[in-house]
Amino acid sequence: MEHIVQTKKKKNKAWTITRNTLLVIAAFLLGWVGFHHAMTAYEQSKHPAPGHLVEVDGKNMHVYTKGKGEHTIVLLPGLGTSAPVLDFEPLINELARSNQVVVVEPFGYGWSDQTNKERSVDNIVEELRMALQKANIVGPYILMPHSVSGIYSMYYANQYPEEVEAIIGNDITLPQALEYFNEPAPTMPSYMGMLAPAGVTRLLSYTSPDQFLPEAEQGTYSDENLNMTTLLSAWKGANNNVVNEANEMQNTIVKTKGMSFSPDLPVMLFARERKDKVSVEGKTNLTFYESQLSHVKTSKLIPLEGHHYLHWTQYKEMSDQINRFIDSIEHN
């Protein structure tokens with residue numbers, strides 16, 4: 001009997017320790033989430049959007065402009081770029097010397113709000129158009145997409161050809177690429193959407209901030225820029241809008257894979273030279289882009305060395321090539 005009592009006492013003690021440990025962990029996690037949201041509110045009040053916030057579908061969307069010129073270049077970010085305005089800054093500064101440069105941060109990015117609307121290609125393009133209109137930025141535009149925004153730009157140009165003067169791709173994704181390379185559409189686990197609101201991205205920004213920062217030579221980005229990029233990564237990081245956008249990609253490709261660049265639309269593509277990605281059939285990203293431009297009357301393909309984010313290091317070369325391309329369009 002005494003043995004049974006002692007066993008029960010040991011079990012009760014073990015359960016008490018386990019329960020108290022779990023309560024401490026839960027209290028810490030709740031405290032961290034509260035701290036994260038309090039810090040985010042404080043930081044957002046201290047660091048307002050550098051551009052203009054315009055109302056789109058009842059939410060605020062951030063539109064940043066710099067420079068003046070006869071042409072308006074609209075920079076569009078790749079999937080998951082937490083702070084597009086800051087990420088594009090060196091390229092913006094170069095292009096703004098002779099052009100009006102605009103960055104529209106989609107919902108879930110930068111200083112823009114998040115939205116409950118599906119991240120379909122239709123919604124994303126319509127929101128972009130509405131933001132430009134609300135900001136009184138008149139087209140036609142030169143769309144300059146990075147990565148997945150290449151698909152959105154192709155959709156935009158097919159739906160509203162009179163609003164697009166040209167497309168300049170920055171190592172873009174196009175809807176035909178997956179079939180060309182026989183690859184699946186990207187996806188993200190749904191739990192990733194909880195990382196930002198739970199404060200996980202903030203914790204990562206404290207412990208390993210370099211993973212959120214551009215891979216560029218020292219001095220390319222100011223300390224202020226890099227600090228703000230880290231903050232915005234803590235605010236937004238992987239959020240539900242980004243996750244939904246990734247998981248909508250298969251539907252986006254289905255809707256757009258029959259589209260192509262109009263023969264009369266000037267198109268220039270910057271392409272990262274990738275010697276590591278050559279298929280058995282000898283297909284590369286350069287051969288893919290060539291296939292997409294073969295019918296376009298005014299086109300140019302420019303291979304560049306660098307990261308997928310070519311503008312981190314090649315912003316000067318890209319700006320020079322863009323201005324030359326614009327000049328060639330004007331004289332055609």
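This is a predicted model: local features need pLDDT of at least 70, side-chain atom pairs count only at pLDDT 80 or more; totals for chains, interfaces and linings use all residues.

Colleague: Okay. How many cavities of 30 Å³ or more does a search of the whole structure find?

Modeller: One. The volume of the largest cavity comes to about 150 Å³.

Colleague: Which residues lie nearest its centre?

Modeller: Leu 76, Pro 77, Pro 106, Ile 124 and Tyr 152, out of a lining of 16 residues.

Colleague: And how does the lining divide into nonpolar, polar and charged?

Modeller: There are 11 nonpolar residues, two polar and three charged.

Colleague: Which helix gives the most to that lining?

Modeller: H4, with four residues. At least two residues each come from strand S4 (100–105), helix H4 (121–134) and helix H5 (149–159).

Colleague: Switching to salt bridges, how many does the structure hold?

Modeller: Nine. One of them joins the side chains of Glu 43 and Arg 202, at 2.9 Å from N to O. That pair links distant parts of the chain, with Glu 43 in helix H1 (residues 2–46) and Arg 202 in helix H7 (residues 200–207), 159 residues apart.

Colleague: Are Glu 43 and Arg 202 buried or exposed?

Modeller: Both are buried.

Colleague: What about Asp 57, which residue does its side chain meet in a salt bridge?

Modeller: Lys 117, at 3.2 Å from N to O. Asp 57 sits in the loop between strand S1 (52–56) and strand S2 (59–66), and Lys 117 in the loop between S4 and H4, so the pair ties together parts that are 60 residues apart in sequence. Asp 57 is partly exposed at 43% relative accessible area, and Lys 117 is partly exposed too, at 36%.

Colleague: Why does Arg 129 count as buried?

Modeller: Its relative accessible area is 13%, and buried means under 20%. Glu 126 has 30%, so it falls in the partly exposed class, between 20% and 50%.

Colleague: Which residues make up the salt-bridge network there?

Modeller: Glu 126, Arg 129 and Glu 163 are linked in it.

Conventions
Residues are numbered from 1 along each chain as its sequence is written. Side-chain values use heavy atoms; hydrogens and water are left out. On a 1 Å grid over the protein atoms alone, a cavity is a set of points where a 1.4 Å probe fits but cannot get out, and a pocket is an open set with protein on both sides within 12 Å along at least five of seven lines; lining residues have an atom within 4 Å of a point. Grid points are joined across faces, edges and corners, and a volume is the space filled by probe spheres set on the points. Ala, Val, Leu, Ile, Met, Phe, Trp, Tyr, Cys and Pro count as nonpolar, Asp, Glu, Lys and Arg as charged, and the others, Gly among them, as polar. A salt bridge is a side-chain nitrogen of Lys or Arg within 4 Å of a carboxyl oxygen of Asp or Glu. Buried means under 20% relative accessible area, exposed over 50%, partly exposed in between (1.4 Å probe, protein chains only).
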